[in-house]
Amino acid sequence: MERELLQLFLRSGPARQYNVRMFTAKVRAETPETPEFLFRIPFLNECIIFKTVIASEHAGCTDRRPVRTLIYLPYDGMRPGDGGESFVFSIGDFASFVQFKSGGSSHDEIALDHDQRLLSILDTVPTMSPLILALAFERARTYVPQPYLDLPPEVRVKLITFLKSRIRPLVVAAYDKAGANIDRAVEFMVNRLLTLDDVRAIMPLVQALRIPPMQAAEVLSAWIGLTYFEYEYSALQNHLQEFSLWMADPSWQREPSSMKDRDFAMFLIKFVQKRLHDDWQRIVLLSRRYQEAYNGLVYNSEVKPFSDFLLECRSMYWEMGDVLGRFEQTTHVWRRYKHQLVGRNCSIRAIIQFFSLLRTLHGPPPQLSQLTQQLAATDEGGFVSLTANLF
Amino acid sequence: MTDCRPAERRKERRYILCGVDCWIDGRPTHIVDISRSGVRMLLPPALAIEDRPYDIVFDMPEGGQVRSFRVSGQPLRHTEHYVVLTYAPPCADWEALLLSLDTFEMTRLTAI
């Protein structure tokens with residue numbers, strides 16, 4: 001089961017997976033003389049980073065950030081699907097893991113601080129979508145070598161234009177509501193709000209939108225994240241609709257199969273259908289609420305509904321990030337299996353295999369092993385959240 | 001013949017557009033929101049708003065090309081930061097074009 005889950009994660013898109021190892025290989029190939037790597041601790045440049053919910057109270061999981069950052073180091077880099085070592089990121093476990101990998105010998109403190117900072121930034125976002133990563137690094141004013149941000153300039157321009165289109169009316173509405181005159185051009189404020197690299201510069205807006213100043217950067221970055229997620233969800237919509245229609249069409253039942261197999265297949269399908277439907281419905285409602293609050297502020301000068309929405313944004317952001325990851329994985333699995341499932345040659349075995357995978361994906365989140373949890377509970381194992389046998 | 005009824009602007013559906021370049025009297029600016037016969041634009045620096053028609057150009061992306069529309073806009077009101085102008089829709093399918101570039105329409109989620 002764990003290996004199946006690993007295979008699923010390795011085939012995930014950018015919402016779930018940040019394949020540092022792949023980017024490192026590209027850097028080596030393109031600049032063999034002067035390679036510029038992401039991390040300063042060499043083995044980290046061979047890792048793959050996943051975003052996932054981990055079902056363990058010891059994984060440092062809080063309600064506000066349900067999606068965790070999991071660093072996975074394959075035993076064999078050529079065959080990452082064969083297993084490896086992994087740990088859920090926390091500052092303490094990162095230091096322990098580096099010490100473990102270096103065999104207890106001393107390590108470069110500057111490199112450790114640098115890499116810990118990078119991983120901490122990655123830990124502040126619920127997905128590995130390139131634009132979300134790029135904005136997170138910009139906000140933290142942290143340099144990342146370009147090959148590690150898989151964001152072609154034209155895509156970046158397109159997405160930034162989209163986000164600015166949404167931010168601009170908001171800034172204008174907030175200017176109208178600001179008590180004091182704001183001596184800044186709207187476009188300056190739009191840019192500051194997008195990058196959020198200087199919270200003091202946007203303080204008049206923060207006050208106009210009634211956001212607690214200490215939470216402003218986190219709240220507004222979550223709102224920008226939600227705006228971006230709408231874009232991502234709409235891009236997935238057609239694939240999910242196609243898949244959903246196929247699930248609802250029971251033509252595969254014409255294939256000869258035993259009652260037992262048929263019942264099991266139906267059980268799996270119903271499970272996946274319900275999870276997809278419920279999750280999607282929740283996202284649609286969130287999206288509608290977003291639009292109503294936004295329109296209320298932009299067109300009717302109603303600050304309170306938008307302000308209330310903003311204060312809830314952070315949890316919505318993490319929820320939308322998690323669900324987006326699962327939907328993206330679902331469409332990847334669907335595209336991979338589609339040729340086996342659609343048409344005359346569809347067997348009940350293929351159906352069961354396919355829906356079993358999706359059940360794993362949409363079922364309870366992966367758990368730390370019992371042994372790891374015991375070690376964590378007694379704090380004798382060295383790693384509070386080392387999940388060596390999660391994958 | 002298209003009509004333009006300024007008093008009705010706020011009753012029209014408004015759109016938040018993405019990817020549209022626009023100019024007022026030759027100066028580049030940004031659209032805040034737009035309806036079929038009214039547009040709210042950021043005020044370009046040093047553009048004085050008077051009671052006269054302004055030349056507005058919209059460059060709209062359409063099927064990989066850019067289609068340019070020129071209209072005459074009459075100021076309705078303005079603040080320090082933006083100006084609202086009314087205009088006559090430049091083509092019969094103008095509102096459909098606005099709808100196709102609306103960010104909320106682009107990301108509309110429906111039941112699956």
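**Figure 1. How much of chain A is tucked away?** In this predicted model, 53% of the 391 residues of chain A count as buried. For secondary structure, chain A has 13 helices and four strands. Now look at contacts between residues at least 6 apart in the sequence of chain A: 70% of them join residues at least 24 apart.

**Figure 2. Helices H3 and H4 of chain A cross each other.** Two packed helices are described by the angle between their axes and the distance between the axes. Here we have H3(A), residues 91-101, and H4(A), residues 109-123. Their axes come within 11 Å and cross at roughly 135 degrees, so H3(A) is oblique to H4(A). The crossing of H3(A) past H4(A) is right-handed.

**Figure 3. Which residues of H3(A) and H4(A) meet?** From H3(A), it's A:Ile91, A:Phe94 and A:Val98. Facing them from H4(A) are A:Leu112, A:Asp115, A:Gln116, A:Leu119 and A:Ser120. Sort the residues of this contact by type and you get five nonpolar, two polar and one charged.

**Figure 4. Zooming in on B:Arg14.** You'll find B:Arg14 in the segment before strand S1 (21-24) of chain B. Is this residue buried or exposed? B:Arg14 is buried, because its relative accessible area is 15% and the cut-off for buried is under 20%. Also in this view is B:Ser35, 21 residues away from B:Arg14 along the chain. The C-alpha atoms of B:Arg14 and B:Ser35 are 4.5 Å apart.

Notes: Residues numbered from 1 in each chain as written. Chains lettered and ligands numbered in written order. Predicted model: local features only at pLDDT ≥ 70, side-chain atom pairs only at ≥ 80, totals over all residues. Heavy atoms only, no water. Helix = DSSP H or I, 4+ residues; strand = E, 2+ residues; numbered from the N terminus. Buried < 20%, exposed > 50% of the residue type's maximum accessible area, 1.4 Å probe, protein only. Contact = heavy atoms within 4.5 Å. Axes fitted to C-alpha atoms, helices over the stretch in contact; angles between N-to-C directions. Parallel < 35°, antiparallel > 145°, perpendicular 65-115°, else oblique. Left-handed = near helix turned anticlockwise from the far one by under 90°. Nonpolar A, V, L, I, M, F, W, Y, C, P; charged D, E, K, R; others polar.
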